[in-house]
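Please have the sequence and structure open while reading.

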2 protein chains.
Amino acid sequence: MQAYKGFSKEELLKRKNELSLKYESYKKQGLKLDMSRGKPCTEQLDLSNGLFSHTNDLFTEDGFDCRNYGQFDGIKEVKDLFAELFDISTEELFIGGNSSLNLMYDLIAKAFNHGLNGFEKPWSKLDKVKFLCPCPGYDRHFAITELFGVEMIIVPIKEYGPDIDMIEALVSEDESIKGMWSIPMYSNPTGITYSDDVVQRLASMKTKASDFRIIWDNAYALHHLYDTPDKLADIISLCRESGNPDRVYMFGSTSKVTFPGAGIAFMASSRENIEHIKKQISKQTIGYNKVNMLLHARFLKNVENISEHMKKHAEILRPKFEAVHEILEKNLSGKDVASWNKPNGGYFISLDVYEGCAGKTVKLAKEAGVTFTPAGATFPYGKDPKDSNIRIAPTYPPVSELRTAIEVLCVCVELAVLDLILA
Amino acid sequence: MQAYKGFSKEELLKRKNELSLKYESYKKQGLKLDMSRGKPCTEQLDLSNGLFSHTNDLFTEDGFDCRNYGQFDGIKEVKDLFAELFDISTEELFIGGNSSLNLMYDLIAKAFNHGLNGFEKPWSKLDKVKFLCPCPGYDRHFAITELFGVEMIIVPIKEYGPDIDMIEALVSEDESIKGMWSIPMYSNPTGITYSDDVVQRLASMKTKASDFRIIWDNAYALHHLYDTPDKLADIISLCRESGNPDRVYMFGSTSKVTFPGAGIAFMASSRENIEHIKKQISKQTIGYNKVNMLLHARFLKNVENISEHMKKHAEILRPKFEAVHEILEKNLSGKDVASWNKPNGGYFISLDVYEGCAGKTVKLAKEAGVTFTPAGATFPYGKDPKDSNIRIAPTYPPVSELRTAIEVLCVCVELAVLDLILA
């Protein structure tokens, strides 16, 4: 792509001048806007204030007192609910604490320390462990594998999912490739959902490493923005049918259903994987917070009620996503300085600016009082090889602040690009 | 000790006969009593039903919304409360999730994977890691080090704490001894509290390994049974004053203050240790359940209120402990078949039966419908070298059931000993 195709140098200088004036006027406003994290907004949180409506007794339907020790893999009510939501059996489920990220970290730590089901030896005993990282992706995933000294290989994300040809070629040849991160639905930050073909091929591809494992972070499975949601194929079944039953571990939580950091998380996998890791987790804890599980089961009730609840989230979020699209469209379309996605769900809009301009754009915005996720954060080691991707998190700020922030961002994008091509 | 000193063989056979009849009559009752775990009873749990009394708003005093992401090391209210309780600064504290055991497991896992503050290299890179295990001790501690392949060395527990001469001798010579488990107050199961001298020597002793660390599981710090509680010296200060500031990590939770598995846990150590591990934990989770922290801060209020709350626990528990002592005294004293402790707090009574008889005793009790913690569980690898220790957990059952269970236990102890010495 060539930015400002057909513009003369004079026109570009004039444009730069206009934008600089606009930028300076924003700077003077003393803005303090934070667009860096995918946090629900207060209105969304208020949707779950009923969580504590039924605390008179804390017994499960089958008479278990959730206030005491026991049932370390989760209470029946919650298992039944998640099993129905994801069309799996309760034996394929483990209910954890408040954080699916923590469950993922624990899985990687256990893979290194003790080995998971089907491992010949723990990964800590190997000279080299590599992970495939579909990019742009989630910085906190990459931070975990970085902490464990894993070599991360970037796999570009396309409209239909990660470059599956590249993945198949890599895993068939390199035994040290032991795993892959993924956010298969409304991916963070690209918003795409893996196609049925991609999911099928991930489940059935031949891997040189018998202990190749996919971390299936299904964080946004319920987080649709529209009535015509994306659909994600069921990788647990596909893995089983393809003779690779132990390949995938799926994760999710209610952090963006009820309260972030005060919800409940789960892990799903083959029965054998879950049975194996339960034995390990039983050495780690006597159990997770079952009172919170029970309150969630009572509040969320059933699949239909959850669907209605998530529609209320969508009603709050839709105008925010649409405001971002409208302003990006108005300011940046037709100039070939940036492209962006219009996701059907999730928490992010991914903006790809002209190569070499993401860092500069985010820096300019920061200096004008608008904080975005640091450029590069969506890539391993915080380094975007094209310096192009910016993650926009539109959920938290009120629409009016959001509009200002994106107007500022658009000015900064153009200024960064003009700086580069006029240099 | 010689059991039944002065008894003739005839008298012993007569006694055995009497007890066998009694045992058979118990068996016929179809008892189903579980004395195996240190669980609070329902009355104790009811003391904390007020935990959900103030859920109208979920903001901290300084205006932070606990329903959203943020403040990953814990909210100010809870830090202030624990800092006052343990006379430490808030910089020496990390507030975790629902389980102190999980925090301890995480610490060991991090010591192996990444190394802790002051480590030259992670323990996973060493050929051999050994831990000192004061015994009898807590099975779940030993299960963690067993999982990590740590070689566990038994250190006998005396009235004043673990054999400190033995510990000093071992750690001064063996660089592969990297750590030590401990429950320094109302120890599980012996009920003893480490003397000031032991704590001082643990803090100041010379260790061959510079990365020797003490896991200070202060699980029963608040759990007094009487108005004249034991007192435990402040090891964090003593370590600092002795020039070993990074030697100790202290743990605790409200599992036996409010609700087991639904409370809040903490870790305390030097500022440098906490600062270092916070960076690692920040890769693991976005934060623990702050809503639960806030509800705990509101319910527990202050140190004085906690003290009153714990007195109510003691009132429920005292009659149970005293019933056990009364029945043990009545049935077993003067026969030299067993000895036991009378703790001032904690959750257990430790019964040492005639050598070689613990396994048999527990087996006989089980066959009569009374389950105790498996014999050997209080030692590494589940093996008590003297086959002598039985852990009694008197807290959960109602007094009437407890009395029956201990009567049965006493019969089983005598039968096991008589079997042995008449063989």
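Which residues does B:Met104 touch, not counting residues up to four places away in sequence? They are B:Ile144, B:Ile215, B:Asp217 and B:Phe251, where contact requires C-beta atoms, placed from the backbone, to lie within 7 Å.

The model is predicted: local features need pLDDT of at least 70 and side-chain atom pairs count only at pLDDT 80 or more, while totals for chains, interfaces and linings use all residues. Residues are numbered from 1 along each chain as its sequence is written, with chains lettered from A and ligands numbered from 1 in the order in which they are written.

**Core**
- A:Met104 and B:Met104 touch the most other members of the largest nonpolar core, which has 150 residues.
- Such a core is a set of buried Ala, Val, Leu, Ile, Met, Phe, Trp, Tyr and Cys residues joined through C-beta atoms within 7 Å; buried means that 20 or more other C-beta atoms lie within 10 Å of the residue's own.

- On chain B, 39 residues are in contact with 39 residues of chain A.
- Helices H4 (100-113), H5 (139-147) and H10 (290-300) of chain B each give two or more residues to this side, and H4(B) gives the most, with six residues. Helices are DSSP runs of H or I, at least four residues, and strands are runs of E, at least two, numbered from the N terminus.
- The same surface serves both copies, as 100% of the contact residues of chain B recur in chain A.

**Sheet**
- Chain B has an open, antiparallel sheet of three strands in the order S10-S11-S13; strands pair if DSSP finds at least two bridges between them.
- Its edge strands, S10 (338-340) and S13 (389-392) of chain B, each pair on one side only.
- Strand S11 (residues 349-353) of chain B pairs with S13(B) over four bridges, and B:Ser350 has B:Arg391 as its bridge partner.
- In chain A, four bridges likewise join S11 (residues 349-353) to S13(A).
- Both faces of S13(A) are covered: A:Asn389 and A:Arg391 are buried on one side, A:Ile390 and A:Ile392 on the other.

How values were computed: Two residues are in contact if their C-beta atoms, placed from the backbone, lie within 7 Å. A residue is buried if 20 or more other C-beta atoms lie within 10 Å of its own, exposed if 12 or fewer, and partly exposed in between; C-beta atoms are placed from the backbone.
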